[in-house]
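Thanks for passing this one along for a second look. Here are some notes to read beside the model.

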Amino acid sequence: MALESVVARAATAFPAVDPEERTRDRVLNAVLEHGPISAAELGDLLGFTPAAVRRHLDHLSRDGVIEVKRATRAGAGAGRPARRYVLSSQGQSTLGNDYLDIATLALQRLGEMAGPDAVRQFAVERFGDMERRYAPEINAAGPDITARAQALSEALSRDGFVASTASIEAKAPLPAALSSVQLCQGHCPIQQLAAQFPVFCDVETEVFARLVGVDVRRLSTLARGGHVCTTHIPTGRPAARGPHSPAATPGNLDEVSNHLQERP
């Protein structure tokens, strides 16, 4: 077969990816990782012109995978809130909720047959694997809470949660002990499942507290309508316990305070 024919067949079987689609995917991934984010910030981050960024944002908005969140920056004064972009619920779902219907039905039947404690135990076992895998890496970060939170963020990102941390420093006249880190997760692979079974968010928060070594508070979750899952981690005081032990038992879960989940 002539070389030209082989090339023609290959081009038909494996069509080239549209450069516009590749660029649009970059914009979508940037919104996922850094949202809420403005068009100007996206342009600076990706090296695109404002016109190019807005063209792709408009396309993604029409597809329903991103949405606008109007927000005013702290200290910006009065004025019209900025347009900042985040993934929509539809956008979150397109990133992977395989077997959602089957899992939901199975957990519903489990709760009906064995009670809500059985559903909680299922969540404990699911996140127990995460805890065992993450513990050595987070312990290697040492006793500093900020370093442990960063190690947790990196581990979560490798598992597809698109996590990041931001330090919140207390300013005078507030004591330095009120400093904290906010741990954000831009994606949750079980978001719709957790919306129906909030115990998954509860148990995940308890695991985070044991891993970093301090009491933490969940400020928002994707499952409850937030644009990201945000966990408040105080850094201005020492860990409440010694080094984390991955062998912690479910019986100790109630020692961790119940988190707050509020729609932002």
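Predicted model: local features only at pLDDT ≥ 70, side-chain atom pairs only at ≥ 80, totals over all residues.

1. Residues are numbered from 1 along each chain as its sequence is written, and side-chain values use heavy atoms, with hydrogens and water left out.

2. Let me begin with the sheet, where helices (H or I, at least four residues) and strands (E, at least two) are DSSP runs numbered from the N terminus. Four strands form an open sheet in the order β3-β4-β6-β5, with antiparallel pairing; two strands pair if DSSP finds at least two bridges between them. The edges are β3 and β5 (217-220), each pairing on one side only. On average, neighbouring strands are turned by 25° against each other, direction ignored. Between β3 and β4 there are six bridges, and I168 stands opposite S180 in β4.

3. Axes here are lines fitted to C-alpha atoms, for helices over the stretch in contact, and angles run from 0 to 180 degrees between N-to-C directions. Contact means heavy atoms within 4.5 Å.

4. The largest nonpolar core has 39 residues, of which Y134, L152, L156, F200 and I233 touch the most other members. Such a core is a set of buried Ala, Val, Leu, Ile, Met, Phe, Trp, Tyr and Cys residues joined through side-chain atoms within 4.5 Å; buried means under 20% relative accessible area, exposed over 50% and partly exposed in between (1.4 Å probe, protein chains only). Two or more residues each come from α7 (116-140), α8, β4 (180-185), α9 (191-196), α10 (199-212) and β6 (229-234), and α10 gives the largest share, nine residues. Leaving aside residues up to four places away in sequence, I233 touches I145, A149, S180, V181, L183, V212, V214 and V216.

5. There is also a second, separate core of 19 residues, with L28, V31, L32 and L87 among them. The buried residues of α2 are R24, V27, L28, A30, V31 and L32.

6. Which residues are linked in a network of salt bridges? They are D129, R133 and D159, a salt bridge being a side-chain nitrogen of Lys or Arg within 4 Å of a carboxyl oxygen of Asp or Glu. R133 meets D129 at 3.1 Å, N to O; the two are four residues apart in helix α7, so about one helical turn separates them. With D159, R133 has its closest N and O atoms 2.9 Å apart. D159 lies in the loop between α8 and β3, so this pair ties together parts that are 26 residues apart in sequence. R133 is partly exposed at 43%, as is D159 at 32%.

7. Do look at R210 and E131 too: their closest N and O atoms are 2.7 Å apart in a salt bridge. Because R210 lies in helix α10 and E131 in helix α7, the pair ties together parts that are 79 residues apart in sequence. Both R210 and E131 are buried.

8. Finally, V162 has a phi near 50°, a positive value in a residue other than glycine. V162 sits in the loop between α8 (145-158) and β3 (163-168), and counts as buried at 18% relative accessibility.
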